[in-house]
Amino acid sequence: QLDNTQYWRMIQIFDRIHQISHLNDERWQPVLIDRDSFNAFTTGGTYVVVHLGLMQQLEDDDEVAAVLAHEIAHTVANHVFEGQSLAQATALANSTSSRRDGYQAAFTHENEREADRIGVLYSALSGYDPLAASRIWKR
C-alpha cells in the first residue's frame, strides 16, 4: 500500500501551487508512484508524476513545492511539445547528431533554467520559500 500521508502531503502542496499557476483553470492530476528514487516529471499534459522516494527524502514542504512548481512550469512553458517538435524535425532531416548518446535529454538546459525561474515565482506566489530549490541543489 502506498503511503497515504505522503500522498495527501503532495496533494496539499500541489493544490496551492496549481491555484496560482497560469494553468489554474485546467484540472490537473498529481500522481504518486511507488519508486524509491528522487524524481518527478510531467507528461506535458495535466499530469505530474512524483516518486515516493522524493517525498520521503524531502521533509521540508518548501522543497517539495520547489519540485512541483518546476514540473508545472515545464507544461506552462510548453517544453514537452518543443521537445517533440525537435525530435520530429531531426528525424525528418535524418540528422545523425540526434542519434548520439545523451542527445535525447527530456529537456534542454534552457528549458530547465526557464522551468526553474517560473518554479521559483510559483513557489513564492503560493507562499512557499522561493529559495528552497537552491537548498536542494546544494545537497
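This is a predicted model: local features need pLDDT of at least 70, side-chain atom pairs count only at pLDDT 80 or more; totals for chains, interfaces and linings use all residues.
Local features need pLDDT of at least 70 and side-chain atom pairs count only at pLDDT 80 or more, while totals for chains, interfaces and linings use all residues. Residues are numbered from 1 along each chain as its sequence is written, and side-chain values use heavy atoms, with hydrogens and water left out.

**Exercise 1.** State how many salt bridges a search of the whole structure finds.

Solution. The criterion is a side-chain nitrogen of Lys or Arg within 4 Å of a carboxyl oxygen of Asp or Glu. The search of the whole structure gives six salt bridges.

**Exercise 2.** Describe the salt bridge between aspartate 60 and arginine 135.

Solution. Step one: the N to O distance is 3.0 Å. Step two: aspartate 60 sits in the loop between α2 (52–57) and α3 (61–76), and arginine 135 in helix α6 (residues 132–138), so the pair ties together parts 75 residues apart in sequence. Helices are DSSP runs of H or I with at least four residues, numbered from the N terminus. Step three: aspartate 60 is partly exposed at 24% relative accessibility, and arginine 135 is partly exposed at 26%. Here buried means under 20% relative accessible area, exposed over 50%, and partly exposed in between (1.4 Å probe, protein chains only).

**Exercise 3.** Classify arginine 139 and glutamate 63 as buried or exposed.

Solution. Arginine 139 has a relative accessible area of 64% and is exposed. Glutamate 63 has 5% and is buried. Their side chains form a salt bridge of 2.7 Å, N to O.

Methods. Helices (H or I, at least four residues) and strands (E, at least two) are DSSP runs, numbered from the N terminus.
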